Amino acid sequence: MTFSPVHTFHIPVLGVAYSIDTPLKVAKFGISSVISIMGDELLEQIRKYHAHKYGVAYHEINENEDDYRAKRITAYLDLISHIVDG
């Protein structure tokens with residue numbers, strides 16, 4: 001299988017929180033990127049911010065829920081996908 005990259009550059013994972021919302025900034029240009037998954041508390045705060053900014057319903061996932069970290073990460077990735085895909 002031959003892979004032909006569309007771009008000749010990449011956006012590196014920049015570390016804690018620096019690339020948390022990179023897809024929202026570069027997807028409109030057709031650029032793929034990655035998200036640094038770090039503290040779930042920060043992910044939840046950023047999810048709340050972007051949900052309100054883009055008019056998407058937000059329901060808090062608190063630390064008392066079973067498997068809350070996985071739920072927060074999944075909810076964040078789902079939100080980013082929803083916003084990017086329009």
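In what order do the elements of the protein chain run from the N terminus on? They go α-α-α.

## The overall picture

This is a predicted model, where local features need pLDDT of at least 70, side-chain atom pairs count only at pLDDT 80 or more, and totals for chains, interfaces and linings use all residues. Residues are numbered from 1 along each chain as its sequence is written, and side-chain values use heavy atoms, with hydrogens and water left out.

The protein chain has three helices and zero strands (DSSP runs numbered from the N terminus: H or I of at least four residues for helices, E of at least two for strands). Of its 86 residues, 29% count as buried (under 20% relative accessible area; exposed is over 50%, partly exposed in between, with a 1.4 Å probe and protein chains only).

## A closer look at α3

Helix α3 has 18 residues and reaches 25 Å from its first C-alpha to its last, close to the expected 26 Å (1.5 Å times one less than its number of residues).

Its buried residues are Arg72, Ile73, Ala75, Tyr76, Leu79, Ile80 and Ile83. Seen down the axis of α3, they fall within an arc of 165 degrees, so they line one face of the helix (the arc is that of the directions from the helix axis to the C-beta atoms). Their cover includes α1 (22–26) and α2.

## Either side of α3

Asp67 sits in the loop between α2 (40–53) and α3 (68–85). Asp67 isn't a glycine, yet has a positive phi of about 55 degrees. At 56% relative accessibility, Asp67 counts as exposed.

Just after α3 comes Gly86, with a positive phi of about 70 degrees.

Note on methods: Contact means heavy atoms within 4.5 Å.
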